[in-house]
Structure formats: structure tokens, C-alpha cells
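Try each task yourself before you read its solution.

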Amino acid sequence: MGKTSNQKLKILYIMQMLMENTDEEHAISTGDIIDELGRMGINAERKSVYDDIEMLKIFGLDILSRRSAPKGYYIASRDFELPELKLLVDAVQSSKFITEKKSRELIKKIERLVGRHEASELQHQVVVANRIKTMNESIYYNVDKIHDAISSNVKIKCKYCEWTLKKKLEPKKNGDDYIISPWVLTWDDENYYLIAYDDESEQIRHYRVDKMLSIELIPERRTGKEAFQDFDIAVFSKKTFGMFAGSEKELEISFNNKLIGVVMDRFGKDIIIHENNNGTFTARMKVDISAQFYGWLSAFGTDVKIIAPREEAIKYSEYITKISEFY
């Protein structure tokens, strides 16, 4: 075999050819491998290619050969199957906290996990344009900084912003820094939220990560450990509507039987349910009372009714009446 400057890279180029160009429907022949190596300036004989492929098998690549057309070698299995990668692409596409630019970059990287033929199937489902996406490019790195702060057990400081009528994010509190202790990152309603402890109010608060700017780790130990001792993010998400916190109450609510799926999806299977004789059921659950919760209830019209406590039923009635009077 002739010696060239690239000869030691031969087995790596063969692995690259297999990974990028083959799958169960597409194989590459020994002759095609030799021809492609030749274009790279690498001389190769059939026996050396056979030997390299055997070494790649020993290394762990699942390489099979096909005697029927299309003849040749192909990668039979990979770390990720195509349906799994399609799920990842869908998740990236639908994530509002990832900008359009970063979405395209991530999808391109996902495509590299399969051969070019299967990558084309991933490309066919890519429709990022016109989806609601954050314009805050730094959020991708903010999440990483927050994870660092949590693992390092330190506080962070940042500017927390809100939208103005000029369609700009402007810092709240006249631009003063927020000093908070980060504890949990969660995904809710297609947004990333930081659940943190606020020393000033001595309460658990949540913050939209895409509205956080200039995040910095500061050398102060986190506070709020006791408040998070029994914190359950699943319970927190079930009782909080749209991440708008309010006063927590235990309610008994009557629903039309057709809404059982909606209630189970929202509150899970552990809530207490009593079946009535009039085509309804009564559910007992803990929720944060807020305008967002009332809005969720009102979407079901007369198919839902707060039974107890009575004062909460009156508050809901007043909420509906106030809206009606506005019109």
C-alpha cells in the first residue's frame, strides 16, 4: 500500500463515510470507499478496507453488509433512532425560549446524528419561520449560567425586564439589580422559568428566564433552603395557572363529566373525585387563586361551578359580574 500524509487517517475517513452516507436503505460498497479515499489522496486496497471495517466493528460501530442491491456496508443502528430525533427537532421548533437563529443551529447539529439520507427527513419537517420565538439571544446562555449558580450554591444578580408599548424589554425597579437565590428551572406553557428565593420578600418567586438580562453569579451562598425543603415542582405547576401565583386555597369544584380528561390533564390522577348522580363530578384540589385561574374556569362556562368554600364561589361570581359590567 502506498504511503501518503493522510494514510493514518484512513480508518477515520471510512467511519465518517459510513456515518454520514449509510443507513438500512443506503449502503456503500468497498469500491466506492476506495474511490472516495483516492479523491482524498489516500491509497487503499480491498483487504485494508476489510480490516479497517472489522476494527470499527470491534470499536463498537454496528456495521452490517448487504449482498443484495444496494450492495455494501451500512450503519445498522445509532445512538438515536430517527423517530427520537424527530421528537427533538419538534421540541426545538416549538420552544419559544430558543431564538429562530439558535433553533436552526441546534437542528443542524441534530441532523449530524444520522446519515444524510435520514437527515433529509428531518429537514422536511423543519418549519421554524413564523413561530413565536423569543428575541432574547442570550437566553440560551442564561440557562447555562443559572445551572452553574445552582450547582455552585451561589446567588445571582440580574436585570429583570418587562415589555413596554414600544415593544422593548425595559428593566424593572428603575434598572436596579435583582439579587436572588436560584433553586429550580422549570418548563411551563412553552417558557423557561426560574423558581428562586427572594430575600427581600422572604418568599419563593418565579421569573421568566427570557426576561432576565445581564445574569452574573455572585459569591454569596444561596438562601431559602428551608423554604425549598419540601418543594415539589409538580405540585407547584398543577396549582399555579400560567405561572401567576396567588393565595393557595383548597376548593371543591363541580364539573360536567365530559371534562374529566381536562381535569386529569391539569391536576393529575391523585386528586379526590366524587361522582354525582346528575352527570357531574366534584373534584377537590389546591390551587393558587388568581385571575388566570378564573379565566381557566370561565372557559368551561356552565359546565363548571365552585361548590366550596362559599366565599371563593362569591369571589368568582364577582369576577364574572365585573367583566360583564365592563361591556
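**Exercise 1.** Which elements are among those that cover the buried residues of α10?

*Solution.* Step one: this is a predicted model, in which local features need pLDDT of at least 70, side-chain atom pairs count only at pLDDT 80 or more, and totals for chains, interfaces and linings use all residues. Residues are numbered from 1 along each chain as its sequence is written, and side-chain values use heavy atoms, with hydrogens and water left out.

Step two: helices (H or I, at least four residues) and strands (E, at least two) are DSSP runs, numbered from the N terminus. Buried means under 20% relative accessible area, exposed over 50%, and partly exposed in between (1.4 Å probe, protein chains only). In α10, which spans residues 291-298, the buried residues are Phe293, Tyr294, Trp296 and Leu297. They lie on the same side of α10 because their arc around the axis is only 155 degrees (taken from the directions from the helix axis to the C-beta atoms).

Step three: look for contacts, meaning heavy atoms within 4.5 Å. The cover includes the strands β9 (247-256), β11 (280-289) and β12 (304-308), along with the helices α9 (260-267) and α11 (310-326).

**Exercise 2.** Where is proline 309 found, and what is the peptide bond that leads from alanine 308 to it, cis or trans?

*Solution.* First, locate proline 309 in the loop between β12 and α11. Then check omega: with a value near -5 degrees, the bond from alanine 308 to proline 309 is cis.

**Exercise 3.** Is serine 214 buried or exposed?

*Solution.* Begin in strand β8 (residues 212-221), where serine 214 is found. Its relative accessibility is 52%, so serine 214 counts as exposed. Finally, note its phi near 55 degrees, a positive value in a residue other than glycine.
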